Amino acid sequence: MTTLPSVSVVVATTTVGRRLETLLDRLHAADDRRPDETLVAVPPSAAGAAAAIAASFPCVRVLTVSGGSIPRLYSAGLAAARGSCVAMTNDRFLPHPGWLSALVDVSAGASGPVVVAGTITGPAPSRAMDRAVHYLEYGPFTADGSWTDGAAGGNVAYNRPALEQLLPLVEPPVWEYFWHRALRDRGVLHVRAPRACVEMVCRWSLARAWRERYHYARAFAGERTRTWRWLRRAVASAGALALPLVVLARLCRRHLRDGWPFVSALPMLALLTL
């Protein structure tokens with residue numbers, strides 16, 4: 001009988017390059033807990049470049065996934081993972097030392113199915129645009145954020161009992177928010193691992209951030225309203241006109257205490273919430 005690796009790491013990326021190599025270097029550093037297997041999920045166009053990078057690292061396997069969206073890459077990686085604890089990230093983030101150990105420790109200490117949410121810090125040094133994207137996308141997962149439940153796909157782990165409940169939910173692929181909401185509705189515990197920290201290392205232009213927000217918002221709204229009747233959709237569409245102000249108000253309530261780093265990002269946040 002095949003022995004399951006104790007820890008798997010799923011890495012999703014659509015743009016293979018230096019960031020992936022740096023991430024794999026960090027995952028396999030000699031002074032940290034190493035994964036028993038690392039699954040790099042990429043679209044077909046990036047498979048060759050990913051295989052060339054992965055060849056330098058032990059226990060790294062490249063998964064070529066048609067479709068190529070981040071939710072689809074996450075789904076394929078989770079389905080292929082064999083570990084009793086499965087961590088997930090992507091190459092927009094760089095784990096801090098001790099990241100995997102912290103996730104594994106919390107996961108192993110659970111008596112039942114558990115989703116473990118890590119901490120996501122902003123890039124350092126950073127520009128106003130980078131901080132705006134970080135606050136908008138990952139504000140609840142900062143070290144002093146207002147986390148209540150859920151987890152970001154860039155820094156999360158599942159023990160095997162949670163993963164067995166999750167796998168039927170990841171097809172067709174949707175954003176991880178909906179997976180975690182469904183698991184919460186089933187009573188699966190969500191816990192925070194503050195020491196399991198990753199840093200957002202990618203840099204953003206306004207055009208790129210706008211484009212990604214547009215596609216994400218369309219996919220999110222489509223999935224959220226998929227089962228709604230037309231009248232409820234119409235009311236929600238009318239209410240969406242106030243959404244930018246609601247989002248900005250929530251961000252200010254959470255992060256105004258950060259002072260200048262947040263205040264200086266407000267103009268970019270206002271643009272991104274339009």
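Modeller: Asp36 is partly exposed, because its relative accessible area is 31%. The model is predicted, so keep that in mind throughout. Asp36 forms a salt bridge with Arg33, and the closest N and O atoms are 3.7 Å apart. Arg33 is partly exposed as well, with a relative accessible area of 28%.

Glu37 comes next. Its side chain meets that of Arg61 in a salt bridge, at 3.9 Å from N to O. This pair links distant parts of the chain. Glu37 lies in strand E2 (residues 37-42), Arg61 lies in strand E3, and the two are 24 residues apart. Their surroundings differ in cover. Glu37 has 4% relative accessibility, so it counts as buried, the cut-off being under 20%. Arg61 has 36% and therefore counts as partly exposed.

A further pair joins Asp130 and Arg127. Their side chains meet in a salt bridge at 3.1 Å, N to O. Asp130 counts as buried because its relative accessibility is 0%. Arg127 is partly exposed, with a relative accessible area of 43%. Salt bridges with shared partners also join Glu37, Arg61 and Arg82 into one network. The structure holds 11 salt bridges.

Asp130 leads on to helix H5. Asp130 is one of the buried residues there. Others include Met129, Arg131, His134 and Tyr138. Nine of the 11 residues of H5 are buried, so the helix is largely enclosed by the rest of the structure.

Tyr135 sits in helix H5 (residues 128-138) and Phe262 in helix H11 (residues 260-263). They are 127 residues apart, so the pair links distant parts of the chain. Both Tyr135 and Phe262 are buried.

Tyr177 and Phe220 form another pair. This one is tilted, at 5.1 Å centre to centre and 50° between the planes. Tyr177 is in helix H7 (residues 176-185), and Phe220 is in helix H8 (residues 206-224). The two are 43 residues apart, and they too link distant parts of the chain. Tyr177 counts as partly exposed because its relative accessibility is 34%. Phe220 has 17%, so it counts as buried.

Trp210 has 38% relative accessibility and so counts as partly exposed. With Leu271 and Leu274, Trp210 makes a nonpolar surface patch of about 310 Å².

Charge returns in a positive surface patch. Its members are Arg224, Arg232, Arg250 and Arg253. Arg232 is found in helix H9 (residues 230-239).

Two loops remain. Cys59 is in the loop between helix H2 (47-54) and strand E3 (60-64). Cys59 has a positive phi of about 60°, although it is not a glycine. Gly17 is in the loop between strand E1 (7-12) and helix H1 (18-27). Gly17 is partly exposed, with a relative accessible area of 24%.

Definitions and conventions
Residues numbered from 1 in each chain as written. Predicted model: local features only at pLDDT ≥ 70, side-chain atom pairs only at ≥ 80, totals over all residues. Heavy atoms only, no water. Patch = residues over 30% accessible without salt bridge, like charges linked within 9 Å, V, L, I, M, F, W, Y side chains within 5 Å. Areas by Shrake-Rupley, 256 points an atom, 1.4 Å probe, with all protein chains shown as cover. Salt bridge = Lys/Arg side-chain N within 4 Å of Asp/Glu carboxyl O. Lys, Arg positive; Asp, Glu negative; His and termini not counted. Charge placed at Lys NZ, Arg CZ, Asp CG, Glu CD. Helix = DSSP H or I, 4+ residues; strand = E, 2+ residues; numbered from the N terminus. Buried < 20%, exposed > 50% of the residue type's maximum accessible area, 1.4 Å probe, protein only. Phe/Tyr/Trp six-rings, centres within 6.5 Å; stacked < 30°, edge-to-face > 60°.
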